[in-house]
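Dear colleague,

Please read the notes beside the model.

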Amino acid sequence: MSETASTNEEKKLPLNGRRAVPANYSNDEENDVPEMEAFGLIPRGFNPRDYLRVEDIYMFKEPQEINKKEHHTDRYYNPKLIVRRGQPFQIQIYFNRPYKPETDQFWLEFLMGRYPQQNKGTYIPIPVGDVLKPGQWGAKIIHRESNSVRLSIMSSATCIIGKFRLYVAVLTPFGILRTRRNSATDTYILFNPWCQLDAVYLDDEREREEYVLNDVGIVFHGNVEDIKSRSWSYGQFEENILDACLFLMDKAELELSGRGNPIKICRVASAVINSRDDNGVIAGSWNNAYDYGVAPSAWTGSVDILLEYYSSKQPVRYGQCWVFAGVFNTFLRCLGIPARLITNYSSAHDNNANLRLDFFLDDEGKVDTRLTKDSVWNYHCWNEAWMTRPDLPVGFGGWQVVDGTPQETSDGMYRCGPASVQAIKHGHVCFQFDAPFVYAEVNSDVFYTKMEKNGTQVVEGIDTARIGQLIVTKEVGGDGMMDITEEYKFREGSDEERLALETAVMYGVKKESIQDTTYQPQTDVEMDFQAQKAVLGNDFKVTITFRNKSRNSYTATTYLSGNIVFYTGVTKSEFKKHSFSAKLQPSSSSSFEIMIKSSEYMSDLLEQASFHFFVTARINETGKILAVQKAMALEIPALRIKTKGELVAGKETSVIVEFTNPLKQTLENVTLRLEGPGVLRTIKKQFGRIPINSTLTWEVKFIPMRPGLRKLIASLNSDALRHVYGELNVQIQKP
């Protein structure tokens, strides 16, 4: 006896005056559960073998068996039982003799973490009863034969999600006998969008197929005038991904008791997806230098990133907005929260949340980069997660914005959301979390302001339509684009839009009125700017058009500045300066073409081949200034993917990836990546160089694992050329 007493002494916890039990935020840690819990002194003749004893527990955990099929978890590459909450599942218990309900008594126990407590939902005793109540813990016998019983077990529709340990306990007159710890009976419980009582319930089967079960998605990028798309492999069912996602909640130190609440999970996840403040999953880099890491454009999906983080526990380098959003989407879908990836074109990054982005002009009408602090991202990706919001008034549930890209701090950490899309649309930005920031990303106005010598600011132009021009996501059940701008904002200029803005201002969004500044718009001359679509490495032309609606002749001193920019709208370098004087005849239009040569831009080009043109014109007769800006991106050639031979599950076949160098220079340090969820794990290959005009060919042999329609995704990365993608839909036959 003394020996056990001394070991118990060692296991005593360090005292903490504030709480009786230490914080419980590791799903992996365990406590010791006694196999015999005595009620007092045990009489000499007691032999546990005389009582009902559990010999084996069968979990029906194979993908083709009832539990995983009915719970839509049959695609997880994981040998353990995975079920969704609020829905019954079955197990079979084998005893040493037939079960006698009159005299035998047994129950189940689910435990999580090191300090299981019933009131925290981390210790769940389940007695065997006669009926199952919807959405509440319970168990009943549905079948008995010889020495075994089959149970139907109902989990609570609000229970915490994660990995539980299962014990079966049998009552004897002298104590409780428990089964030995057996990791084979561990049970994962996830969110359940199919269950009406679950906070993430989604009532449309096609949407559940897309937003929970689809493991490939599309990222829309480029800019409004020239939308580009690429596939992204979410891979939420791949091996070890579920464990990696649960580890993220441990890393974020979310108490186990809070893990039944999708609002809390989204909030902590939006902080842990980025590495700022908490050594989270991905380190962001926007400066075109990716030493000791992978360029953001080279990733083809989330799996490599999550698995690397899970094993190294160190931030994975590097990501930009679509990478943060892609990994966040994997996390949400993996846990069973419906989620989708959103792209907002012309996204405002406003440094002081006043719904106004200021571009300051100098005397000549050029942008003053010293004074201009705000930036317009060509596009920005975030996520929406679907859930009820019992913490807000009725009507603000449904899609919620969550954003893992580190932009601004919220409650002291780099995170954003969940913010109700409905609240953003109607201007109710008082409702948590971070609604004013998202409202500004889609609704700000662009002000062109001239600084006079005496320090006064003169507003030369206001563009109310530029920001949040288009908000999109992948369509349900296809690869096309779905425009969801109307879910975020009312039509530009409508009464409802004004009302939503007034509501947002009432709730504290800063909006400076036009009266505060001197502003007389130029109305009798309009200026427009168009850029010709062009392939990377070619020359192209841009056109400036003036429409003089007055009866006067004017001359306009016009200045064009062409800049190479990061997709965040931040300038790297000015590569083209061109000024000319334009004669504008009364009541007529005149166009001026300017040639942009590849030799002017190639040396400084950044990976997304994005340009930003800024045109200002001063009407000499009136002193008025016209300003217009436009983003454009060059066409980047694609990788070609083709398969060789027939595609049958379990049979070796091969895929060929080809790329022809389009540039007038040799490509150095070329890396190719190829992956396909459910088809093949990511394969990487380094190639030294691809000379001008020559074609690289790479053949990969692989054995597809599962039949069905699948997608292969490839990317190419090199010093001079990035953001090169290719994809192919493949139909894998049954053997």
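The domain assignment, an automatic or database one, divides the protein into domain 1 (36-190), domain 2 (215-507), domain 3 (525-633) and domain 4 (640-732). This is a predicted model, in which local features need pLDDT of at least 70 and side-chain atom pairs count only at pLDDT 80 or more, while totals for chains, interfaces and linings use all residues. Residues are numbered from 1 along each chain as its sequence is written, and side-chain values use heavy atoms, with hydrogens and water left out.

The C-alpha centres of domain 2 and domain 4 are 30 Å apart, and their contact (heavy atoms within 4.5 Å) takes 23 residues from domain 2 and 17 residues from domain 4. The area buried between domain 2 and domain 4, that is, the accessible area (1.4 Å probe) that the two parts lose on being put together, summed over both, is about 1800 Å², with 47% given by carbon and sulfur atoms. On the side of domain 2, Ser231, Ser297 and Thr300 lose the most area to domain 4, together 28% of what that side buries.

Three salt bridges are counted between domain 2 and domain 4, a salt bridge being a side-chain nitrogen of Lys or Arg within 4 Å of a carboxyl oxygen of Asp or Glu. Arg673 forms a salt bridge with Asp304, with the closest N and O atoms 3.0 Å apart.

With kind regards
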